[in-house]
Amino acid sequence: MSEECLLLSGGWIISMDPGIGELRSGDVLIEGERIAAVAPRIEAPHAQRIDARNTIVLPGFVDTHRHTWQSCVRHCYADIDPQIYFAEMLGARGAGYRAEDVHVGTLLGAVSALDGGITTMLDWSHVQNSPEHADAAILGLREAGIRGVFAHGWPLVDGASWMFDSQRGHPQDIRRLRARYFSSDDQLLTLAMAGRGPEMARREVWLDDLRLARELGLRSTIHMGAYARNAQVRAIAQMHEAGVLGDDLTFVHCCFSGADEIAMMADAGVSASLGVHCEMNAQGIGDIPFDRMLAVGIRPSLSGDTETKCSGDMFTQMRHAFAYYRSWMGGRHCRVEHAPPTLSLRDVLEFATVAGAHATGLSHKIGSLTPGKQADVILIRTDDINLAPVCDAVGAVVLAAHPGNVDSVFVAGRAVKRHGRMLHVDLDALRQRAFVSQAHVLGLHNTL
C-alpha cells in the first residue's frame, strides 16, 4: 500500500466512541493519517506492528485554551495577587516580548503538551505585537508537530487601549494569516479569533470583530465572567440580546456568569472551556461553573490556561475537575436545579477528549478512536509502578497517570513520542533557548 500502515496491537482500548466502547484487549489499525479499524483483533500483515500490550490506548487530549506564548515564564504568578499577572504579563512584560520570545514560548508549550498526551491545542495568543509575532507563534506550533488552532488576539503594546472599553477593532493582520497560512481548513493547523467581547470592547467594536471572524469563516473564543468586576457587565446576555450567540463560539471561564446566561449559551450551542487548575489557583476568579453548565446540558472542555499560574498537563485538569465537583455536590449541597449529583471518571475523560474536539470545531476529525477520524492516539504504560496493576483503565488515566506515563503519541498517524522519548525536537537546544528568552522577559540578563 502507498500509505504507511500501523497496527497498535493488544492494548486496553478506551475508544470514547459509544459504538465501539472499551476493549480490554484490542487493536487499532492506522492507514496514513486516519484510523482504519478498531476491533478485538485485526489481521493486517501489511502493517507495521506496534506492541501495545501493557498500555492504555485512547484518543489524544484536547486543550481548548492555552496562552502558550507564556511558557518560558512558568509558575511565576500563582503565589501572588492575580492582578499583578494582568499588570505585568498583559502590560510591560507582554509589550516587551520579541517575536523570538513568542516563537520559543509557543514551541516549548506545544512540545510539552505533546509530551503529556495533548495532541490538539488551541493557542490563545494575545501577544500580537506585530505581524512577525503572529508568524513566530505559527512557526512554533508547526515545528512542534501538534494539531493546533492558532487563536489570533491583539497587541500588548498600548494594551490598555485594546482591553478596556476598547474602540479598536481586531487587528486586520488576521486577513493576511487566513490567506497565507490557513487558506484550507483541512490541515493540521487551523485559525480562530481570540476575541474580546463586551467585557473589553465597545458594542460596535465587538460586534464588528465577530462579523470579521464569521466573514473569514473562523470560530471565536472569548473570555467571559472571570472576576467579580465582570458580573455586572452580563456580557453573554448582551450578546444574546444582539442575536449573535452561535455554535461557532467558545466561552472561557464564565465563573461570574449568571445561570440564565449559561442557559443562553446552551440554547445557542455555545461551547465552554474551563481551565480548572488555574481557576482554582487564581484567587477571586470566581466559582467554576460546572454545575450551571451541566444542569443545562453543556459538556465543558478543559484547558491548561496559563502555565504562569498552574500545571498545563491534562491529567492535572482532569483530577482537579473530578475532585472539585465531587467535593461539594450531592444532596443539600446542590446549588443549581437539575445539576447532576455526581460526576463520573468517564465524564471527565470525555471533557478532555470529546468535548474538546467539539469546542475546537474538530469533532468530525478527532476526540475518539473512530474509523475515518484522524489518528491522534496516545499510549499510556500500565506497568509503571504508580499505575500497576490496572483494574480500571479510565480510573487509572483520570486519577493517577501523569505525563511520564505517556509512552507514545501519534498525531495524524505520525509518531511524535515513542518509548517515552520525544522525537523530531532537540530538547537540549529548546531548553537553552527557553532560558535565554526567560532572562529577556524577566530582565535577568545580569544574573546569567
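Is the crossing of α11 and α12 left-handed or right-handed? I looked, and the crossing is right-handed. A reminder to myself: this is a predicted model.

**Entry 1: α11 and α12**

I read off the ranges for this pair: α11 covers residues 314-328 and α12 covers residues 345-352. Their axes lie 10 Å apart, and the packing angle is about 140 degrees. Anything over 145 would count as roughly antiparallel, so I put α11 down as oblique to α12. Next I checked who touches whom. From α11 I noted M314, M318, A321 and F322, and they meet L345, V348, L349 and A352 in α12. I sorted the contact of α11 with α12 by class and got eight nonpolar residues, with no polar and no charged ones.

**Entry 2: α2 and α3**

Then I moved to α2 and α3, the latter spanning residues 131-144. Their axes come within 8 Å and cross at roughly 25 degrees. The cut-off for roughly parallel is under 35 degrees, so α2 and α3 are roughly parallel to each other. I have their crossing down as right-handed. On the α2 side the contact includes A99, V102 and T106, and on the α3 side it includes E132, G140 and A144. By class, the contact of α2 with α3 has 11 nonpolar, four polar and two charged residues.

**Entry 3: α2 again, now with α15**

I stayed with α2 (residues 99-115) and turned to α15 (residues 427-442). The axes are 9 Å apart here, at an angle of about 130 degrees. That makes α2 oblique to α15. α2 passes α15 in a left-handed crossing. Among the α2 residues in this contact I found E100, D101 and L108, while R433, S437 and V441 are among those of α15. The contact of α2 with α15 divides into eight nonpolar, three polar and three charged residues.

**Entry 4: strand β5**

How many of the five residues of β5 are buried? I got five of the five for this strand (residues 55-59), so β5 is largely enclosed by the rest of the structure. I followed its neighbours next. β1 (residues 5-14) runs parallel to β5, and two bridges join them. One bridge I traced has W12 partnered with I56 in β5. With β14 (residues 377-381), β5 pairs in the antiparallel sense over five bridges. There I picked out V57, whose bridge partner in β14 is L379.

Key: Residues are numbered from 1 along each chain as its sequence is written. This is a predicted model: local features need pLDDT of at least 70, side-chain atom pairs count only at pLDDT 80 or more; totals for chains, interfaces and linings use all residues. Side-chain values use heavy atoms; hydrogens and water are left out. Axes are lines fitted to C-alpha atoms, for helices over the stretch in contact, and angles run from 0 to 180 degrees between N-to-C directions. Helices (H or I, at least four residues) and strands (E, at least two) are DSSP runs, numbered from the N terminus. Angles under 35 degrees count as roughly parallel, over 145 as roughly antiparallel, 65 to 115 as roughly perpendicular and the rest as oblique. A crossing is left-handed if the near helix is turned anticlockwise from the far one by less than a right angle, and right-handed if clockwise. Contact means heavy atoms within 4.5 Å. Ala, Val, Leu, Ile, Met, Phe, Trp, Tyr, Cys and Pro count as nonpolar, Asp, Glu, Lys and Arg as charged, and the others, Gly among them, as polar. Buried means under 20% relative accessible area, exposed over 50%, partly exposed in between (1.4 Å probe, protein chains only). Two strands pair if DSSP finds at least two bridges between them.
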